[in-house]
Amino acid sequence: MALSNDVESPSAELMLAFYRRLYPFKSVFGWLNHEHTPTKFFTHREFAFTLPGDVYLRYNSFATADDLKKQVCTLNPTRFEIGPVYSARPRDKKTVRPAAFTPQLRELVFDIDMTDYDTIRTCCSGAEICRRCWVFIAAAVRVMDRSIRDQFGYKYLLWVYSGRRGIHLWISDREAMELTDEQRRALVGWVTVIQGGKEMHKKVNVRVGSRPLPPSLAMALEPLAVVFGDLILADQDCFASEEGWEALLHLIPDKTVVENLRKKWTANPERSSEDKWDDLKKEVKEYAKGTPQRATLTAAMEDIILQYTYPRIDAEVSKHRNHLLKAPFCVHPKTGRVCVPVDPETIDSFRPERVPTVSQLLQELDEVLPAAGDAAEHHSDWERTSLKPYVDMLDRHVMTLMEETRRTKRDMTW
Amino acid sequence: MALHSQIPHRLNFYDRPPLDDITIEEFETCALDRLRVLAEIESSFARNRSYDELKTVTLEQCKKYLPLNSSTAIAVDRDAERRKDHVGHFVLRLAFCRSEELRRRFVKAETSLFRIRYDSDDRVERDAFLNSRDFDWIPVTDEERLEYRAELSAASTSKDAVPEKERYYKVKWTRVPDLIEKRKVFLKGGLAFVPAREQSSIVFQEFQTHLERDLEMTAKALPRLDEDTRIVPILNNLSQGFLAGVSSEWSSSPAGNGNEITADMVDELSRKHFPACMRNLHDSLRRDRHLKHFGRLQYGLFLKVLGLSIDEAILFWRRSFSNIQDDKFNKEYRYNIRHSYGLEGKRANYPARSCQQILMSDQPGASDSHGCPYRHFAPDNLQSALLSMYSSQGLTSADLAEVMNTVKAGHYHVACTRVFEITHASQGVKKGEGVGGGESVTHPNQYAARSRELERGKDEGFKTEADGDVVMQIS
Ligand code: SF4
Ligand SMILES: [Zn+2]
């Protein structure tokens with residue numbers, strides 16, 4: 001069952017109170033800047049604001065976290081986005097030569113969104129998301145987190161819930177920030193497995209001839225096979241409907257097997273997805289080990305597992321340094337939920353519906369601080385709310401990041 | 001003057017500019033001759049030539065204009081050849097460092113030239129060249145090779161590769177983006193394990209990065225050179241020659257000769273004159289009342305070039321997105337439409353996408369409708385789509401086998417051309433005639449324009465603007 005995630009959009013008053021009292025500007029500043037004193041990482045960074053009434057303001061930049069806060073409180077945007085570090089301050093864009101205004105550095109970012117799973121998931125569609133479909137996201141996060149660390153060697157990964165039906169990844173390693181668009185494109189090619197438009201049945205084409213899976217995918221396959229069993233076969237029962245099983249049959253490169261299975265399943269349409277997968281396995285075993293038919297089918301089964309469970313990323317977001325992405329801790333305008341960091345280690349138990357909403361947080365604040373008055377504006381009022389664990393998570397991340405910056409600086413001065 | 005001591009190898013990374021005096025004539029001829037070679041390389045990309053074809057054509061061109069022989073060659077003035085190669089390269093650097101687009105195209109063409117020479121170089125001389133530079137690759141030790149045996153073997157793209165026997169080098173993955181993009185290497189902790197046979201990738205990438213960096217530096221230093229009044233006009237000529245020979249647009253006929261179309265006409269035009277890619281976008285738009293970003297881009301630019309004015313375009317998209325509220329439309333789409341007409345932002349006149357661009361760039365994701373159906377549809381979906389689109393124009397299931405075979409061989413635009421011939425047979429188009437004079441479809445607008453022309457029955461006045469030597473892909 002899908003719970004309707006969308007509650008009323010938060011009012012302008014709520015948003016303003018949230019920015020003034022709760023939004024962790026200092027932590028976000030530290031995360032973008034990598035050290036305490038403002039550097040180009042922050043001062044040359046683009047911020048874009050979306051205002052109520054459909055106004056979109058690009059190329060803002062700020063000298064300090066306080067400046068940013070002041071402007072946010074003046075404009076009271078429904079959300080704001082973070083862009084690249086430019087070669088000049090974005091707010092001076094109009095006055096510098098175009099050639100002197102180019103994007104230089106940018107976190108490597110990824111966007112995984114539930115809508116890309118619409119052709120697979122059976123529980124919900126569109127903007128809806130439930131606990132069951134979150135399992136797709138959780139599986140994607142585990143695979144991505146592991147391969148980015150293991151293969152690319154990046155260490156400073158921040159996963160952020162998008163407030164509704166997806167998740168963002170921000171990678172702040174110095175080297176990742178320096179990647180050119182061409183290198184980003186190459187990296188996206190490496191992690192992209194699901195390809196081909198709506199009208200293409202087989203969306204996984206990662207082998208050279210009949211060669212085994214490339215090692216990065218072989219490594220992902222093992223955990224994904226488990227997900228496939230639990231999620232695709234048992235929970236989502238993806239091959240229950242005729243449409244579902246026909247989609248599966250399209251991926252099997254053996255006419256006899258397809259015919260046998262189609263006959264069997266048409267006669268017994270009530271067979272569960274698990275039964276059907278077993279039927280397929282049995283058919284495959286009809287061919288003796290070591291025969292080319294058996295090898296082809298085994299490879300096809302691996303590809304099917306990948307097609308149904310491998311992370312589906314929105315490639316465009318990651319390819320260009322100048323892509324803007326919503327800042328962490330913004331509020332999703334439709335759900336009112338805060339875009340909080342998520343720990344990949346405990347991603348399986350993360351419940352989107354338990355993420356605090358703005359109104360809930362402000363209520364918590366009123367309960368602890370009855371009539372404290374607006375005069376006393378606390379910068380860290382979030383400490384008194386259920387936002388605390390999430391801000392703490394970001395702060396720990398920022399600390400390791402700053403430690404790294406200090407270390408490299410030291411190394412350089414020696 | 002012992003020049004060969006300055007240029008000891010046939011392959012050259014062009015680290016140092018020529019320091020000796022150069023006459024203005026030499027300056028110009030060296031550059032022009034090199035430009036002829038580079039222009040041929042560019043047009044080969046546009047024609048979708050395979051690497052082998054590109055290599056043959058380029059070496060042919062080089063023999064004519066820019067011979068460069070190995071160190072053992074006799075009876076040639078080797079030093080003069082190398083000097084010409086050297087000087088020409090540096091003059092063109094000056095001509096092409098001035099805009100980002102010129103730089104990108106120059107780098108692409110020069111890197112291809114380097115690669116062709118590398119591949120045709122004498123083995124011994126090539127090794128000597130490789131040993132003369134530090135490429136900063138770390139040989140993989142035996143222990144590492146043992147530890148990652150399984151991975152190295154799985155990462156290998158050929159069946160008979162035996163990791164134990166192969167030599168591997170470790171480099172930062174960012175130095176071999178092409179190998180990474182295609183998952184052709186084993187990657188661990190940011191280091192790519194490159195087998196010796198892919199070593200050339202590192203060399204080519206290094207050449208490219210090196211040249212990109214140098215060009216940017218040249219661009220910064222250029223204002224000083226601009227004072228030399230003898231050189232500037234030559235440089236301008238060179239860069240314009242490069243651009244003019246290879247314009248990428250399939251421009252619409254000039255406005256005012258009855259070619260404008262209105263939003264109301266699109267439905268009918270699409271049924272009668274559109275190639276499959278645009279039919280599919282049109283039908284998806286009608287069905288879903290929406291198109292995703294790249295679909296809008298591909299279709300919108302096509303309609304623009306077809307003759308849809310900006311006002312009609314806004315009307316067309318406004319009506320088509322009938323599920324969307326006015327304010328959302330105005331906010332999210334109006335600007336982009338105006339932008340594609342060059343009325344916002346950079347105010348660039350964006351050309352419509354060519355087949356090559358549609359086929360090769362911005363691969364459609366799982367829920368996209370853009371792209372080329374011949375390439376991006378599953379075979380059975382393509383067949384039923386073709387029948388439903390074109391059976392009213394005479395395509396029958398008997399024609400499909402031939403079309404599908406062409407698709408299977410990877411000749412997507414040839415399949416599209418065949419469908420054009422079949423669906424225009426009633427207007428007298430014969431097999432092999434293509435879109436006129438035997439030409440294949442290279443641009444959706446060329447397809448539509450020819451189809452409309454046939455309808456109007458004025459065969460003779462047709463001239464193709466999208467013939468081979470245009471369509472330089474700017475990716
Ligand atoms: S070949 Fe070109 S014109 Fe034909 S469908 Fe493909 S992209 Fe469109
Ligand atoms: Zn669900």
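A salt bridge here is a side-chain nitrogen of Lys or Arg within 4 Å of a carboxyl oxygen of Asp or Glu. By that rule, the side chains of Arg271(A) and Asp279(A) pair up, N to O, at 2.8 Å. This is a predicted model, in which local features need pLDDT of at least 70, side-chain atom pairs count only at pLDDT 80 or more, and totals for chains, interfaces and linings use all residues. Residues are numbered from 1 along each chain as its sequence is written, chains are lettered from A and ligands numbered from 1 in the order in which they are written, and side-chain values use heavy atoms, with hydrogens and water left out.

How exposed are the two partners in chain A? Buried means under 20% relative accessible area, exposed means over 50%, and partly exposed is in between (1.4 Å probe, protein chains only). Arg271(A) is partly exposed at 22%. Asp279(A) is buried at 3%.

Over all chains, the structure holds 57 salt bridges. Some join into networks. One network links Lys202(A), Arg207(A), Glu302(A) and Asp303(A).

Helices (H or I, at least four residues) and strands (E, at least two) are DSSP runs, numbered from the N terminus. Asp85(B) and Arg117(B) form a salt bridge of 2.8 Å, N to O. Asp85(B) lies in helix H3 (residues 78-96) and Arg117(B) in helix H4 (residues 100-119) of chain B, so the bridge ties together parts 32 residues apart in sequence. Asp85(B) is buried, with a relative accessible area of 2%. Arg117(B) is buried too, at 5%.

The other pair is Lys170(B) with Glu144(B), whose closest N and O atoms are 2.5 Å apart. Lys170(B) sits in strand E2 (residues 168-172) and Glu144(B) in helix H6 (residues 142-147) of chain B, so this contact ties together parts 26 residues apart in sequence. Both Lys170(B) and Glu144(B) are buried. For Lys170(B), the relative accessible area is 13%. Lys170(B) also gives a sense of distance in the chain.

Now to the empty space. Rolling a probe the size of a water molecule over the atoms shows where empty space is left. On a 1 Å grid over the protein atoms alone, a cavity is a set of points where a 1.4 Å probe fits but cannot get out, and lining residues have an atom within 4 Å of a point. Grid points are joined across faces, edges and corners, and a volume is the space filled by probe spheres set on the points. The structure holds seven cavities of 30 Å³ or more.

The largest cavity contains about 100 Å³. The lining includes Leu359(B), Tyr412(B), His413(B) and Cys416(B). H16 and H20 of chain B each give two or more residues to this lining. For residue classes, Ala, Val, Leu, Ile, Met, Phe, Trp, Tyr, Cys and Pro count as nonpolar, Asp, Glu, Lys and Arg as charged, and the others, Gly among them, as polar. The lining of the largest cavity has eleven nonpolar residues, one polar and no charged.

The shell around ligand 1 takes in residues with a heavy atom within 4 Å of it. Among them are Cys277(B), Cys355(B), Cys372(B), Cys416(B) and His413(B). Helix H16 (355-360) and helix H20 (412-423) of chain B each supply at least two residues of this shell. Nine shell residues are nonpolar, one is polar and none is charged.

The second largest cavity has a volume of about 70 Å³. Twelve residues line it, and the closest to its centre are Ala155(B), Ser156(B), Tyr168(B), Lys184(B) and Pro195(B). Helix H7 (149-155) and strand E4 (191-195) of chain B each supply at least two lining residues.

Finally, the backbone of chain A. Most residues other than glycine have a negative phi. Asp54(A) has a positive phi of about 60°. Asp54(A) is in the loop between strand E1 (45-51) and strand E2 (55-60) of chain A, and is partly exposed at 35%. Asn76(A) has a positive phi of about 45°. Its loop runs between helix H4 (65-75) and strand E3 (79-86) of chain A. Asn76(A) is buried, at 13%.

How values were computed:
1 Å grid on protein atoms, 1.4 Å probe; cavity = no way out; pocket = protein on both sides within 12 Å on 5 of 7 lines; lining within 4 Å.
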